[in-house]
Amino acid sequence: VLFPTATFAIFFLVVLPLSWLLMPRGERWRPFIVAASFVFYSAWDWRFVLLLAASIVWNQAFALAIHRRSDATKRKRLLALAVAGNLAVLGYFKYADFFLTSTNNAFAWAGVDVPLEARSVILPVGISFFTFMGISYVVDVYRGDFAPTGLGKFAAYLSFFPHLVAGPIVRPGELVPQLDSPRDPRYVDTSRAFFLIATGLFMKVVISNHLATSIVDDVFGAPNQYSSLDVLVGIYAYAVQIYADFFGYTNIAIGLALLLGFQFPQNFDSPYAAVSVQDFWRRWHMTLSRWLRDYVYIPLGGNRGGRLLTYRNLMLTMLLGGLWHGAGWTFVAWGAIHGTALVAERWWHDRPGYVARPSTAWSRAWKRFVTFQVVCFAWIFFRADSFADAWDIIVRLFTAWGEPSQLVTGGVLLAIAIGIGSQYLPRHLPLAVMARFSRLPIPVQAATLSLALLVVHALGPEGVAPFIYFQF
Amino acid sequence: MADETHDKRTRKPRGRVGEGGRKLHSAGSAVVVTTFALGLAVLLNAPGVHKSATIQQEGWKRDLALALTGPLKETSEALYLDQPRRGLKALAGRADDDDIDTGVAVPETPAETPVTPPPKRKITPDRKLRIWVAGDSLVIVPGQSLLRAIGGSPVMEPVSEVDGRIASGLERPDVFNWFKEIPKRMRKDKPGVVVLMFGANDDHGFMTGLPPGREIEGGFGSESWEAEYRRRVGGLMDTVTRGGAYLVWVGLPITNDPAQTARFDAINSILVTEADKRRGRVSYLDTYFFFAGPDGGYAEYVANARGALVKMRADDGVHFERAAGDLIARQVLKRLHQRFDLSSWRRDAAPDG
């Protein structure tokens, strides 16, 4: 079920009051919320509910087994098996075709005929997200950071529908303790929840969809039909589109969880205001960044093995991060660009004689500009279907200046300005809006929210495009 | 949570303030605000909500949605609650978004097919061949491939970006009315070539915009369905060719669902016969075997000339990947080279000697 649909609105109108009514009795609430989440997931394809259930049972069984063992070797073996099982499922559903076609094509390139048949595997929605959450659960139990919880609570943690299909990637330590005691029905942060849902819907339905249909799809579909200005603005538009799409989805997810009484971690913090690529990764998809840091970068050795090993670990982490986003070499290239930028930044700061200069407004503006260009350059590979297509975009960017622009309209520029400008708003502004909203009488709050829904529905296109991150 | 029942609370809760001075509210008020906000939003957006209900697939969900949204729309209009939405739509330049137009206006008498094929028309950089690509969502990828392919051509140009409308077709003008759009674009853009692809959303028995007194008896593939679908296909072909354009109609591909493929075959057979009646002005491009595997069945990956596996079809088993689009675009260009003289201008332009 997509969040901005009538079907989901009806589903949530049923789940919200029932959840609060059952909340005081955990033994009733947990089966209810797991069942509701399974219904939510089955709306996409009921067969894959079994996969989600299997993931719950598998990770819970291994977490308990690891926790009960004291022998370090056995614990390590169990952990390895648990992680391998998770990765095998992810590998089969997400990477089987990629592996088979890449192998086949490598042999074909070498002139060796080894016919491998691709299998047309359906990618279950959200598999990357719940697999990563399952891995973090067993690893945290192994590290002793977290004691295994009961099966009902773990099932509620892993399948909780607001985060199920596209995150945020919530760590066990963040959500399971909230499942230990009933949420207090007297104190719900409704104003923040409604603010997040309304802004999320606006960013997804209006900004992201408008940019996709007005410029991005055309520029990336046939770049040689458009001027360099169209292509340049199209690349910036894609940067805003993907941000608005994922930021919008995450806002809605966090807002829905808040209405149900649960807190999710923040996933974005004005990423296009970053002053370096390292800073960008502290602000973009933050729950994935810290997952990669804690479960890939640090286990690889982090920055503990000297400069060269640190560079290697950074690069490997970003390559894997790229591959996580999609089973394609263009995603690996996207990760490689970010990895190279991170290594370059670290080398610059590590070099002998480097002295950090005091930051000025101009220097920060310049760093933001450069960082944004690097990030946008990487987005070309993320969006393009192939390296040839990415190359076409880059060539066109430099070879068609002076040709008339067909796609750069006032609406496109306004949507880009809103997408980027919103990241430079003073932090107190949304807080003040939420505080003001929270003190309005209940009928006025309902009327205000309905006006926001009017704007979103009237300005959005007919139908709703899937969220970009569903495919990851 | 099992044994953590709340104490009975008889006192009125004290006000609590969250981050930034936000007042926290009760779960009850969350339910009330959510319910009333959604209810009022439905009234404010009633014209759009009613249209969404109307253009759904036939079935009980549509019937139920229409039964609910019809009175809501009337109430909204009676109370002038629809006016803010209409104002916003007008402001965005989309004032007719919520209109439902099911009129199917097509020429009823086919134009006569010339006995001898028309001579190849010479195309020059001064008189470029203007191409318009339109259809349902299936046309988007091949259309973009075609636009890329003619990108460097001095004698061909697109009249606009690819006009692919998701979920549209010839059965349901209420979703999108191509019978109104195509004549409009023919008059406005005057394309020399039109590339159309329809049918992926037409493999059902439910049609809107039927002439008075006509009904579909027996559903998809029945005699009455075929007669009406044939009238619409032939009518669009005549609309385009009478507008002065050469029409390439791209047929539906094999899919990963054999039942759907059989329905697509039924639509393709209508396209073939109608195109055949208009030979020389309409060309049907059969795509079926482009994407079949060695066993003749559906294949998501197809080996290219070098033996490398290339992904041709999207994960849904219906839509195209870029490589498939390129393949179709090459075939369309081949048809255009057969129908038009696209190269002699080079000889004319070359300096003597």
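The structure is a predicted model in which local features need pLDDT of at least 70 and side-chain atom pairs count only at pLDDT 80 or more, while totals for chains, interfaces and linings use all residues. Residues are numbered from 1 along each chain as its sequence is written, and side-chain values use heavy atoms, without hydrogens and water.

The count between chain B and chain A is 3 salt bridges (a side-chain nitrogen of Lys or Arg within 4 Å of a carboxyl oxygen of Asp or Glu). One salt bridge joins Arg322(B) to Asp385(A), with 3.4 Å between the closest N and O atoms. In contact across the two chains are 58 residues of chain B and 69 residues of chain A (heavy atoms within 4.5 Å). About 5,600 Å² is buried between chain B and chain A, and carbon and sulfur atoms give 60% of this area (accessible area, 1.4 Å probe, lost on putting the two parts together, summed over both).

Arg322(B) also belongs to helix α9 (residues 322-339) of chain B, which has 18 residues (helices are DSSP runs of H or I, at least four residues, numbered from the N terminus). From first C-alpha to last, α9(B) reaches 26 Å, close to the 26 Å expected at 1.5 Å a residue (1.5 Å times one less than the number of residues). Buried residues of α9(B) include Arg322(B), Leu327(B), Ile328(B), Val332(B), Leu336(B) and Arg339(B) (buried means under 20% relative accessible area, 1.4 Å probe, protein chains only).

Technical notes: Chains lettered and ligands numbered in written order. Helix = DSSP H or I, 4+ residues; strand = E, 2+ residues; numbered from the N terminus. Buried < 20%, exposed > 50% of the residue type's maximum accessible area, 1.4 Å probe, protein only.
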